[in-house]
Amino acid sequence: QDIRGYVNPNIPGESRAGQESGMCSDAEVYVEDRHGIVIDALLKSLRQGSIVEVKELHCLAPARGTPSKRRKVLAERIDAINKAGGSVREWSTGFVSKGALPKMMIHATEQIAFSGRAESAPEQVFRPPWTVNVLLRK
C-alpha cells in the first residue's frame, strides 16, 4: 500500500509526537515546516490509490489564518487529494474519506473554529469592592 503520513506540528494543541504516534509504521512521513510548503510536495507525490494518513482531518489545514480561510484551504487540499486518486485516513478514528468525509469535515470544521482558544472561565458573579452598606454609612 502507498501510505503517506502528514504531520503539521504548528497546529495549536497538536504536537509532532502526538500526530506521529498512531501512524502506520511503513508510511512515508511528510513533516510540515513553519513556511507551510511541505504539503505541496505531498500533493505532487500522490498517485492513484495513495492514502494520506493524518491524526485528524483538521491537521491538513494550515496552522495560520482565519478559521474561514483555514476551512477553505482544507477543502482545496482534500479536492487535490481526491483528484490525484487518493484518499485521506484519520488514524485516530479509523475514518476514510471515501464514505466518511461528511463526518470528518464536520469534526474538522469544529476543531478549526475552536483551536488555539483557551477554555472559557467559569461564570462568576461580579461583586464590586464596595457594598450598599458602605455607601449608606455616610
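The protein chain in this predicted model holds five helices and four strands. Read from the N terminus, its elements follow the order β-α-β-α-β-α-β-α-α.

The four strands build an open sheet, ordered 2-1-3-4, with parallel pairing. Strand 2 (28-31) and strand 4 (87-90) are the edge strands. Each has a single partner strand, so one side of each lacks a neighbour in the sheet. From one strand to the next, the twist averages 30 degrees.

Strand 1 covers residues 3-7 and runs parallel to strand 2. Four bridges join the two. Which residue of strand 2 is the bridge partner of tyrosine 6? That partner is tyrosine 30.

**Serine 97**

Serine 97 lies in helix 4, which spans residues 97-114. Is serine 97 buried or exposed? Its relative accessibility is 7%, and buried means under 20%, so serine 97 counts as buried. Leaving aside residues up to four places away in sequence, serine 97 touches Asn82, Ser87, Val88 and Met104.

**The chain as a whole**

These values describe the protein chain overall.

| Property of the protein chain | Value |
|---|---|
| Buried share of the 138 residues | 36% |
| Share of contacts with a separation of 6 or more that join residues 24 or more positions apart | 64% |

Technical notes:
Residues are numbered from 1 along each chain as its sequence is written. This is a predicted model: local features need pLDDT of at least 70, side-chain atom pairs count only at pLDDT 80 or more; totals for chains, interfaces and linings use all residues. Side-chain values use heavy atoms; hydrogens and water are left out. Two strands pair if DSSP finds at least two bridges between them. Axes are lines fitted to C-alpha atoms, for helices over the stretch in contact, and angles run from 0 to 180 degrees between N-to-C directions. Buried means under 20% relative accessible area, exposed over 50%, partly exposed in between (1.4 Å probe, protein chains only). Contact means heavy atoms within 4.5 Å.
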